[in-house]
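Trainee: Could you walk me through a couple of pieces of this one while I have it open on the screen?
Mentor: Gladly, ask away as you look.

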Amino acid sequence: MRKIIELKNVSKSFDGQKVLDNVSLDIYDNEFLTLLGPSGCGKTTTLRIIAGFETPDAGSLFFLGEDIASLPPHRRSVNTVFQRYALFPHLNVFENIAFPLRVKKLPQDEIREKVSEMLRLVALTGFERRSVSSLSGGQQQRVAIARALVSRPKVLLLDEPLAALDLKLRKDMQQELKAIQKATGVTFVFVTHDQEEALSMSDTVVVMSEGKIQQIGTPIDIYNEPRNAFVADFIGESNILSGVMLRDRLVRFSGRDFDCVDFGFDPNEPVDVVVRPEDVDIVPAESGQLRGTVTSVTFLGVYYEIIVDIDGFKWMIQTTDFVDVDEHIGLKIDPDAIHIMDKSEYSGMFGDYSSFSEEYDELSQAESGAEA
Amino acid sequence: MKPAAKVYTALIMLFLFAPIAILLVFSFNSAKSLSVMQGFSLYWYRELFRDAETLSTVRNTLILALAASAVSTVMGTAAAVGIFRLRSRALRAACDTVTNIPMINPDIITGISLMLMFVFVGRLFGAATSLNFWTMLIAHITFCLPYVILQVLPKLQQMDSSLPEAAMDLGCTPFRAFLKVEIPEIMPGIVTGAIMAFTLSLDDFVISYFTAGNGFQTLPIRIYNMTKKTVTPKMYALSTIIFFTILALLIMTNLIDTGPGVERRSRRTDDGAAAPAPEAPSGQRSRGHIAALIGAVLAVFIIGIIIVGRPKKPVLNVYNWGEYISDGSEDSFDAIQGFEDWYLENYGHEVELNYTTFASNEDMYAKISSGAVSYDVIVPSDYMVARMRSEGLLLPLDYENIPNAANIGESFRGLYYDPDDAYSVPYTFNFTGIIYDANQVDEADTGDWELLWNPKYRGRLLQFNNSRDAFGTAQFRLGLDVNSEDPASWRAALDALKQQQPLIKSYVMDEVYNMMESGEAAACVYYAGDYFIMADAQAPGVDLRFYAPEPTNYFVDAFCIPTCCQNKELAEAFINYMLEYEPAVANAEYICYGCPNRLVYEDETYADDMGEDAMAILYPGLDAFHERYEQTAFRNLPPDVLNMINSLWEELKIN
């Protein structure tokens with residue numbers, strides 16, 4: 001695979017606050033790459049550096065091997081789909097899509113041909129003369145994509161393009177975007193804070209936090225093999241416990257030894273242990289590896305989400321079996337459900353659901369807040 | 001609304017709009033009175049558009065407002081963009097405050113300070129007068145600028161900041177992105193700012209008053225100056241027009257402001273339907289159309305005023321005898337064009353000479369005394385000068401403006417019709433004589449008036465077709481006084497004319513040329529100068545000769561300024577010009593009459609051009625002119641005598 005964009009040790013600060021800290025990233029041809037992270041993690045800044053709206057304080061940016069860090073946006077062959085689409089209100093649908101072609105002064109015939117091809121791609125044929133203000137959000141989104149793709153950029157940058165859409169439409173657009181990416185073969189760099197979106201669409205997910213890249217990998221890798229507590233918590237739900245690796249394939253946490261499949265750690269090395277809520281089986285108290293009391297049960301349609309207090313640590317468990325609050329239950333964890341991680345700066349910060357409801361509030365605030 | 005609230009609202013409305021309603025009503029009043037409404041009339045509107053001076057101040061005001069709003073819109077927009085892009089928040093806030101100061105600052109302080117600055121800078125560069133159109137324009141731009149910034153800045157702040165980024169992302173340079181995306185986006189603010197600047201400049205009085213130069217007056221200043229005397233209802237009409245102009249601008253601004261921009265934000269929905277939704281609501285579109293329509297109507301109106309009100313060249317109306325000025329025909333000097341050129345050269349601005357002609361003193365008199373016309377310079381004959389002077393139809397001349405009057409020969413000063421030369425400057429002098437065809441008339445029959453009564457030439461004699469001259473021939477023949485007030489004397493002359501009538505081929509004025517030149521007639525009585533013109537054009541086999549019988553009528557035609565004159569100084573400049581060497585010689589050579597201008601009759605070139613014989617006929621001893629003139633010149637007669645002459649003349653002509 002050909003490397004299209006390469007960020008090398010890129011750093012960027014705003015008003016003395018470090019937004020990007022020594023970020024290095026390779027983006028390959030034909031790839032659907034997602035920058036994932038909470039607001040303030042630096043994902044949008046990364047995107048704007050690639051687009052040329054920001055210049056890095058340090059480090060370099062290569063486009064097909066050529067350093068473009070100081071090239072102005074209009075000289076880069078990347079295009080952007082903005083979070084709020086940034087359609088030109090004084091132009092109609094046709095003229096919005098034709099805009100980059102007119103800037104290049106292409107002949108009218110060619111413009112018409114390319115615009116109608118784009119309108120076909122985004123299923124908006126017949127909307128040429130419409131004013132963009134009369135379109136729905138989803139339609140505006142498609143016009144923005146068509147406009148960004150019409151001049152055949154090597155890379156398309158998408159800045160939380162689905163954030164303004166409602167859930168149902170967002171799901172449809174995810175599929176559509178993926179289809180468009182496949183049809184055009186253009187490299188997509190997609191920014192989102194929605195981990196589900198990232199997992200479902202991407203070839204590669206880049207998890208970012210506090211201006212640093214935490215992990216780069218396929219969605220399955222990221223989910224199954226999170227590198228640290230931050231990734232484990234941010235991608236899906238996780239019970240993260242502090243433990244000790246007694247020896248290869250044997251770990252001790254919650255006051256008990258568990259068999260596991262991980263190895264290669266130093267004997268008695270302190271580690272973080274991840275157990276996904278869906279990987280915990282509920283058994284009668286007496287036959288459980290761990291025992292605790294149910295503190296809350298939430299019905300979520302397909303499954304119940306229950307919180308179990310085990311010696312003061314609150315576990316989240318997703319199960320289709322019904323249990324009642326205050327019921328005393330046992331938990332059983334298979335060796336392959338246990339994932340062992342190195343200790344990191346995030347150890348101890350995530351993975352305990354004691355303050356679940358509050359954390360949930362914080363999360364929803366972060367989602368609705370605009371990305372810096 | 002409760003009834004009390006309704007009444008209250010109505011009162012407020014009344015309070016706000018009563019003055020304008022009264023203004024509007026009285027602008028249509030047919031009377032001048034402010035207290036009585038006499039009936040509907042557009043009289044004052046018509047008067048307004050006839051008032052060239054007011055129109056020209058309206059024009060000044062509009063030009064100033066257009067220039068000030070155009071410049072301040074461009075500058076203000078640029079300033080707003082600059083402020084918007086300032087990185088530092090503190091600096092931005094400071095700029096905001098600073099631009100607001102001129103708006104809050106009392107006009108009088110702005111006005112005085114601007115005036116001080118202009119005078120100071122003017123002195124610095126040694127200018128004598130530092131206030132002019134340009135200082136006023138600068139002043140207007142100064143106070144318009146903050147309002148434009150105030151309109152444009154919020155539009156920039158409302159604009160989605162990713163729009164210019166999107167444009168650059170799609171290949172625009174930053175400047176191009178500004179032109180193609182930001183400008184259209186903030187256009188409502190720019191237009192509103194421009195309209196505000198225009199209206200502010202239009203009605204500014206205080207600042208204009210302090211910064212206006214003496215050559216450039218705006219409407220508010222003119223109206224203010226009028227209030228010292230009386231404000232004519234013309235001004236009500238004008239104020240009404242201005243009120244509706246501003247109202248139209250206001251409506252336009254509102255239509256623009258609540259236009260597409262606001263609609264757009266509220267209409268964003270996430271229905272995601274793939275089927276085309278209906279077109280944008282037509283209300284939004286038609287509002288734009290109405291705004292554009294109002295703008296177009298106003299633009300036409302403003303351009304119209306600017307064209308109509310443009311200062312016209314002053315026009316000088318000269319009313320003269322036909323063929324009585326060297327007009328450039330047959331390679332002669334063009335005295336009309338000459339005057340326009342001379343005036344531009346000496347007075348620094350253009351003038352248009354409107355030259356019209358009359359056929360007789362009586363025609364001219366009838367026109368002038370009717371009061372329906374306005375001429376600046378007329379050229380009546382002596383007796384008519386006396387008559388018009390006595391009737392108060394002439395203005396005394398200001399010789400300060402006619403220094404060339406010194407060129408008039410001594411013999412031609414203080415003639416009876418204007419003893420003090422207060423009202424007239426002589427243009428030509430001449431006398432009547434007899435012209436005959438030597439091939440038809442025996443030399444022996446010539447020498448006195450008898451030729452015209454000689455039955456030998458029955459049917460080949462021509463007589464004047466004007467009463468005074470025709471009677472004169474008979475009176476001179478009979479030795480009667482041409483200025484007699486005795487009806488019997490005139491009756492005797494009539495008898496002589498009646499006796500002559502069977503011999504007369506025709507009573508003529510201008511037709512005399514053809515008849516004499518072709519040899520159709522044998523002899524005629526006419527003005528000496530015209531003999532040369534006939535002799536020049538005589539047909540082969542015709543040999544025209546001239547003699548002056550004794551006594552004969554001498555006459556003078558003189559420049560006068562009638563009381564209907566619109567531009568006396570210009571009229572005097574014209575008279576002065578006609579006494580200059582070049583036009584005076586050209587006219588004398590063209591008309592072939594005697595010229596009372598020393599520069600002419602003492603000039604050798606002129607004498608050579610005219611020839612010895614002609615000089616002898618035209619200037620037969622100038623020393624004796626005064627005496628001879630006083631004896632034989634036609635005097636103005638009392639109206640009853642004139643009436644009698646008229647009826648006697650008609651009696652003759654009826655036969």
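Trainee: How many bridges join β7(A) to strand β8 of chain A, and do they run parallel or antiparallel?
Mentor: Bearing in mind that this is a predicted model, five bridges join β7(A) to β8(A), which covers residues 187-192, and the two strands run parallel. One of the pairings places Thr187(A) in β8(A) as the bridge partner of Val155(A).

Trainee: And what does the chain pass through from β7(A) to β8(A)?
Mentor: The chain crosses through helix α5 of chain A, residues 167-184, and this β-α-β crossover is right-handed.

Trainee: Which strand does β6(A) pair with?
Mentor: Strand β6(A), residues 78-81, is joined to β7(A) by four bridges, and these two strands also run parallel. Within that pairing, Val78(A) stands opposite Val155(A), while Val81(A) stands opposite Leu158(A).

Trainee: Is β7(A) itself buried or exposed?
Mentor: Strand β7(A), residues 155-159, is mostly covered, with five of its five residues buried. On one side these are Val155(A), Leu157(A) and Asp159(A), and on the other Leu156(A) and Leu158(A), so both faces of the strand are covered.

Trainee: What about the faces of β6(A), covered or open?
Mentor: Both faces of β6(A) are covered as well, with Val78(A) and Thr80(A) buried on one side and Asn79(A) and Val81(A) buried on the other.

Trainee: Switching to chain B, how far does helix α5 reach there?
Mentor: Helix α5(B), residues 107-124, has 18 residues and reaches 25 Å from its first C-alpha to its last, which is close to the 26 Å expected at 1.5 Å a residue.

Trainee: Which of the residues in α5(B) are buried?
Mentor: Buried residues in α5(B) include Thr110(B), Gly111(B), Leu114(B) and Phe118(B). They lie on the same side of the helix because they cover an arc of only 100 degrees around its axis. As background, an α-helix has 3.6 residues a turn, so residues three or four places apart point the same way.

Trainee: What covers those buried residues of α5(B)?
Mentor: The cover includes three elements of chain B, namely α4 (89-104), α6 (133-158) and α9 (206-211).

Trainee: And which residues are exposed on the other side of α5(B)?
Mentor: On that other side, Ile108(B), Ile109(B), Leu116(B), Phe120(B), Arg123(B) and Leu124(B) are exposed.

Trainee: Which residue just after α5(B) takes a positive phi?
Mentor: That is Gly126(B), whose phi is about 75 degrees.

Key: Residues are numbered from 1 along each chain as its sequence is written. Chains are lettered from A and ligands numbered from 1 in the order in which they are written. This is a predicted model: local features need pLDDT of at least 70, side-chain atom pairs count only at pLDDT 80 or more; totals for chains, interfaces and linings use all residues. A residue is buried if 20 or more other C-beta atoms lie within 10 Å of its own, exposed if 12 or fewer, and partly exposed in between; C-beta atoms are placed from the backbone. Two strands pair if DSSP finds at least two bridges between them. A crossover is right-handed if, with the strands pointing away from the viewer, the path from the first strand over the helix to the second runs clockwise. The expected span of a helix is 1.5 Å times one less than its number of residues. The arc is that of the directions from the helix axis to the C-beta atoms. Two residues are in contact if their C-beta atoms, placed from the backbone, lie within 7 Å.
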